[in-house]
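Please read the points below with the sequence and the 3D structure open beside you.

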Amino acid sequence: MATPDIPLAIIGSTAAGKSALALAIAAADDRVELISADSMQVYRGMDIGTAKPTAEEQGAVRHHLIDIMDPHQSYTVSQFVIDVARVTADIRGRNRIPIMVGGTGLYVRSIVDDLEIPDQFPEIRSKLDADPDTQGMHRRLAELDPVAAERMEPNNRRRVVRALEVTVGSGRPFSSFGPGMERYRPSRINQIACDRPRPSLDERIDARYELQMELGFLDEVRQVSGSSHGMSRTARQALGYKELLQHIEHDVPLDEALELAKLRTRRFARRQQRWFRRDPRIEWFDLDEVETDHVLERCLPLLDQ
């Protein structure tokens, strides 16, 4: 599958200002439509806690890949790749311009580099999850795919299980998929990253949680988790939801759950920064230092490339 015809991706860590910049670009060029690269905004009903664009914002600019799944369903990067290709073809077919915006690093990378994403194999995964011997699984992986085994620590359970799942399920070595995450090839997709100093980003994260609570975030979590189908394992891991579920289901004090959500989100933002910083093709803008108009001057000419 060829790289989708997307000229620009607006990326960066949570609360850095990606959505606001994307909306400003769309306001400056009415041909623009936005494709979400946020793994949690796909879920219907999970609006406040995912900082989903408001109804007014979605009315002003057409958004794609938002509200396409129910919370009890799982959504994968493989499906995201398929959906982006479909949505991009539709946008281009109407002579409009797609911009991708979001902070889910693997989702962004899968499109920028046209990565070949291995399928999931649930039956095999469930058997592996039941095996407590991570190092034993790593030895098995070393026999089947020594290249993949060499790239990971024997006690990194998440990576070992995923590599073994794919190797056994697909009949192909896990290491044979794609060019590898360590290589950064030329891409037609320009990447603009929103950045802020860590203290500023921490303040924005904390302030956003306070606003979300005022807007009814706790009631939203109660409603989504209390539905007849419940929430998938994927949806339950969403930042903020995971911690508030501890309050709802296990009587963790609300203020304690909220502080834990803030802490974990701040840590997640740092991991996002580190992920994107590894890519030398990304152009960074500190939005505490640079006016939006300056960033627009850089972004708008890219739309017609």
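1. The sulfur of C194 has its closest cysteine sulfur in C299, at 8.1 Å, which is too far for a bond, because a disulfide is counted here as a pair of cysteine sulfur atoms within 2.5 Å. The structure accordingly holds zero disulfides. C194 counts as buried at 1% relative accessibility, and C299 counts as buried at 0%, where buried means under 20% relative accessible area, exposed means over 50%, and partly exposed lies in between (1.4 Å probe, protein chains only).

2. This is a predicted model, in which local features need pLDDT of at least 70 and side-chain atom pairs count only at pLDDT 80 or more, while totals for chains, interfaces and linings use all residues. Residues are numbered from 1 along each chain as its sequence is written, and side-chain values use heavy atoms, with hydrogens and water left out.

3. A15 is a residue other than glycine with a positive phi, near 70°, and it is found in the loop between β1 (8-12) and α1 (18-28); its relative accessible area is 10%, so A15 is buried. For L65, phi is near 65°, again positive in a residue other than glycine, and L65 is found in the loop between β3 (63-64) and α3 (77-93). Helices (H or I, at least four residues) and strands (E, at least two) are DSSP runs, numbered from the N terminus.
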